[in-house]
Amino acid sequence: MSTSSLQENRRRSRSSGVSAAAPPLGAGPSTAGGDRSGRVFNVVSWIVLVVSAVLWLIPSLWAVKTSLTPNSTSALGTGPILRDWRLTFESYATLLRGGDLWNWYLASAVTSVVSVLLTVVLGSMAAYALSRLQFRGRKLVFLLILGGIMIPPQVLIVPIFQELDVVGLLNTYWAVILPQVPAVIVVFVFKQFFDGLPKDFEEAARIDGAGFWTTYRLVVMPLSKPVIGAMSIITFVGVWNNLILPLFVLSNPKLITIPVGLATVQGSFGQRLSDIQASSILGALPLVILFLLFQRRIVEGVAGSGLKG
Amino acid sequence: MTGAPAASPPLRSPAGSRTGRLSRRALVGGGLALGTGLLAGGLSGCSTLAAGMAGAEVAPGTVTYWNLFGGGDGARMQAMEDVYRAGPGTPALQAATFTWGNPYYTKVSLATLGDAPPDVAVSHLTRSTNLAQAGLLTEITDDVLAVAGLRAADFSQKAWEAQQVEGRSYAIPFDTHPFVLYYNLEVCERAGLLDSDGSLQPIRGVDGWESALRAAREVTGAFGASVATIADPATSWRWFQSLYSQRAGSTPWLGDGGRELTYDRELTLDTLDHVQSWTQQGLMPTNTDYAGSQTLMFSGQSAFYLQGEWEITTAQSIEGLEFGMVPLPVLYDQPAQQGDSHTFVLPAMERNDEQLQRAMGFVRSMLDQSITWAEGGHVPAYLPTLRSEEYRELEPQSSYAEAADTVVYDAPAWYSGSGSTFENIIGAQIGLVQQGLASPATALESARSQLLTYANTPSPL
Amino acid sequence: MTAPTLASPRAATSTSAGPPPRRSSQARSAWLFVAPFGLFYLLFLVWPVAYMFITSLFDTSLVRPGFGDFVGLANYREMLTKPEFWSALWHTVQFTLYTVPPLVVLAFVFAVLANQVGRGEWLFRLAFFVPFILPSAAIALIWSFIYTPSTGLWNSLQAALGVESPSPVLGTPDLAMIGIAITTVWWTIGFNFILYLAGLQDIPREVYEAASVDGASRWQQIRSITIPMLSRTTTLVVLLQIIASLKIFDQVYLMTGGGPGISTQVLLGLVTTTAFTDYRVGAASAASVLLFLVILLVTLVRQVVERFQQRKDVTS
């Protein structure tokens with residue numbers, strides 16, 4: 001990548017990305033001196049924002065409310081749901097007792113965690129080599145990887161299905177994990193990061209006699225925690241939320257991930273509308289918890305520079 | 001394969017409290033590991049994990065069974081499954097229901113291809129022949145039937161012969177579900193359409209039909225008969241196909257395994273003309289969907305309701321509604337109505353004797369409960385039940401049981417069958433004709449050109 | 001107008017002690033490090049693309065072994081003359097047209113206002129961004145419920161506002177795609193919102209203060225400072241959005257299954273139906289190739305635009 005783009009990235013990420021703290025006041029349009037139009041503008045902004053935020057919260061809140069309403073009431077429609085405020089957890093109880101949901105959680109957890117491990121380790125290894133080592137074919141490899149960014153994986157669902165069929169991996173967690181490991185963006189981001197990492201520590205390690213692998217493991221990776229964190233989160237969420245791949249490569253109802261499980265719920269729950277809403281809440285819950293724990297990291301990761309998709 | 005675009009993090013040098021970040025990461029990492037461990041250790045988690053990672057069988061010794069029954073049928077099937085479970089010493093049963101139509105068959109196909117099919121699955125007869133040709137089903141030989149104490153002669157011959165592919169059997173018929181006529185007793189009485197013992201006077205011919213509809217409309221003030229016209233290609237197809245098949249000289253729609261469109265053009269256009277004239281004259285509604293068409297009859301705004309027999313449960317649940325059911329009146333030359341059969345199939349897999357025994361044991365249990373299933377309106381294909389006293393006394397089911405003998409299955413083709421692309425294409429056009437949005441000729445031409453693409457495509461089976 | 005850059009990207013090397021490892025052992029390490037990832041890359045990115053191109057020339061079937069008969073360009077001809085293909089393409093474009101403008105404009109507006117008021121950011125982040133990290137299946141269930149005919153929240157609201165017998169959103173051919181678009185905007189606006197917020201915070205406040213001293217109103221400031229300075233972000237957002245929209249599958253599959261009829265079926269949905277329901281892998285591959293080419297085109301445009309903008313920055 002050209003030096004100018006690196007400078008670009010540096011500049012763009014200079015001040016903060018988006019932090020949990022409030023931005024500096026007045027970072028937007030300001031009025032020096034006279035304040036009335038400014039105050040009106042502020043009030044209008046507030047109103048518009050709050051109304052929009054409330055509107056945006058309504059669908060989720062509606063789902064939560066319905067999930068706490070008896071099935072018999074929710075089958076009747078909006079009015080009855082709004083009038084019935086006897087909150088009940090029976091939908092949640094049904095789902096949590098049922099057993100299927102736990103299998104979905106297990107499938108999602110295992111596939112996401114293993115994917116993250118493989119992707120981050122293999123991706124960072126490749127990136128490190130590309131960043132630090134001179135070898136014949138380096139440019140070619142890098143160009144290939146760059147080209148990979150332009151390939152949309154969803155379009156490849158059919159050949160990937162056939163490939164997994166041939167090696168007999170259909171209906172295993174590996175069918176979901178393996179195709180998601182070559183996340184080119186991860187290599188790219190790690191390489192950019194490594195390129196910007198001062199080599200002092202690595203030089204020192206080399207003087208101490210450390211080999212390439214040791215340097216990578218003990219020196220470089222510990223220094224890369226923010227990137228590891230961001231890439232892990234992004235990969236985790238991406239794998240967790242992936243629908244199209246597990247939808248077709250996993251048929252066994254005991255092995256499906258949460259998104260696929262939720263997709264089958266409308267057919268199999270029939271008119272149990274509260275149960276359906278409760279299942280969507282439970283399906284979303286792990287990620288919401290993750291968000292509340294790692295808000296800053298997630299938002300920073302998303303807001304960062306060099307957007308590639 | 002992410003659903004959303006990924007982005008890179010800010011590229012700044014490591015800063016901030018490393019210990020703080022570490023401890024939180026350790027906490028979550030440990031929590032995840034603990035959670036996964038708990039899940040794996042709990043209940044069936046261990047075997048599921050093993051299955052997921054190593055492809056082991058998830059729950060050996062159980063019967064897995066997939067079906068596509070929702071609504072009333074779904075509830076009824078679950079009751080029958082519970083009876084099976086309650087039997088002494090029966091293996092555990094894992095049942096799953098998927099959305100009716102293509103989504104269900106896609107799931108079954110992919111599962112079979114991926115070596116993880118259910119032990120037993122439900123299939124429409126018209127789809128089972130395609131599954132068989134695709135090599136996805138185990139053959140049902142006499143030996144297989146004998147495992148459950150069954151013989152080929154135990155089943156309705158029409159269904160048994162229809163399910164065969166090149167002389168071999170791959171499906172065990174469970175029921176036949178023809179297109180029938182429901183009638184509102186109160187409305188029909190007021191319209192003078194009932195005979196002395198309170199059942200519907202036979203209606204013959206188009207004239208008879210139209211005059212009955214007019215008489216009914218006098219009473220209802222709305223319509224004479226109702227059938228779905230919107231967003232329901234399956235019903236539109238069934239309505240048309242039933243009428244078309246009643247005409248002498250009507251040829252099957254598809255021939256040569258779907259490679260040719262062999263419908264009779266004149267008879268088709270004429271039938272579509274009639275269909276359109278009834279909605280144009282206001283004898284039947286132009287814009288009503290599946291639910292709407294039945295509500296019209298339930299609420300007395302229509303004397304007749306046309307649909308498959310499975311809506312009997314819904315009708316019985318309407319307070320104060322008295323209704324009857326008969327086979328579709330013969331409006332043309334011969335009795336006929338569109339229909340299909342539900343069958344049990346054994347997806348292709350490596351099966352040992354025990355697995356076969358378990359699977360067939362389940363099938364036998366379902367067949368033995370055919371009377372329960374018949375209460376849901378279906379005509380049993382299992383002859384011991386069909387010929388039993390108990391069934392004969394079941395009203396109104398027994399009054400239309402004969403329709404199973406004159407049922408017309410969809411022509412075999414890789415793109416045909418219940419809920420198939422064929423039904424979707426042609427049903428959509430017929431719906432337009434019903435709604436008055438297309439002339440019969442235009443609709444037929446549109447359907448024809450769409451179907452020709454499929455007819456000209458070599459079969460993937 | 002760019003901010004001063006940091007030190008040059010290539011960190012100053014310390015006085016190197018000892019010669020660097022020989023090239024051959026460097027090469028060995030390099031390949032060892034690159035190989036694992038490279039293997040996955042070849043297996044699950046390169047080979048599938050090749051396979052896709054190859055099978056598009058055969059009438060490969062899902063249920064028959066091997067590639068089937070060679071049919072040359074017949075699959076492409078079928079797809080390019082089939083009404084279902086063009087309608088799927090149109091619906092994909094339609095979806096893009098329905099979602100990209102609101103996702104860009106609304107996100108921009110929200111970000112500018114949020115940046116303006118300064119406080120309460122946690123609330124806005126929660127409201128706008130949380131939907132973004134939820135699985136598509138969860139939001140599809142939530143919104144399908146809202147769109148329930150007659151009794152759902154959407155229709156009930158319409159009825160309350162005086163609309164007589166409001167049409168079922170997902171059941172009406174003309175409205176179904178709009179319904180899906182609304183759901184998508186709700187779902188993914190958080191992403192653009194965050195991007196714009198980040199971009200906004202890069203604009204130094206001195207610029208605004210200078211402008212206001214010159215007598216520019218807030219609105220003028222937004223128009224002449226904020227919008228131009230965010231043009232980079234906007235371009236990226238728009239292109240990113242377009243690429244994501246072309247790949248749409250989840251919402252359509254979950255909420256309408258392509259229906260009513262085929263009025264919402266999109267290209268990727270057509271590909272999967274052709275391959276997995278009709279068993280016709282060859283034909284599906286042809287459609288995949290066509291979709292792939294369209295996406296590739298837009299991606300290339302994006303790369304070109306990015307390079308162009310970078311060059312502009314370097315020279316400015």
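User: What should I know before I start?

Analyst: Residues are numbered from 1 along each chain as its sequence is written, and chains are lettered from A in the order in which they are written. In this predicted model local features need pLDDT of at least 70, side-chain atom pairs count only at pLDDT 80 or more, and totals for chains, interfaces and linings use all residues, while side-chain values use heavy atoms, without hydrogens and water.

User: How much area do chain A and chain C bury between them?

Analyst: Interface size is often given as the accessible area lost when the parts come together. Here chain A and chain C bury about 11500 Å², 72% of it on carbon and sulfur atoms (accessible area with a 1.4 Å probe, summed over both parts). Across this interface the rule finds 0 salt bridges (a side-chain nitrogen of Lys or Arg within 4 Å of a carboxyl oxygen of Asp or Glu).

User: How many salt bridges are there over all chains?

Analyst: Side chains of opposite charge can pair when their charged atoms come close. Over all chains the count comes to 18 salt bridges. One of them joins Arg247(B) and Asp270(B), with the closest N and O atoms 2.7 Å apart.

User: Is Arg247(B) buried or exposed?

Analyst: Arg247(B) counts as buried, at 10% relative accessibility, whereas Asp270(B) is partly exposed at 28% (buried is under 20% relative accessible area, exposed over 50%, partly exposed in between, with a 1.4 Å probe and protein chains only).

User: Which residue does Arg364(B) pair with?

Analyst: Arg364(B) forms a salt bridge with Asp368(B), at 3.2 Å between the closest N and O atoms.

Notes
Buried area is the accessible area (1.4 Å probe) that two parts lose on being put together, summed over both.
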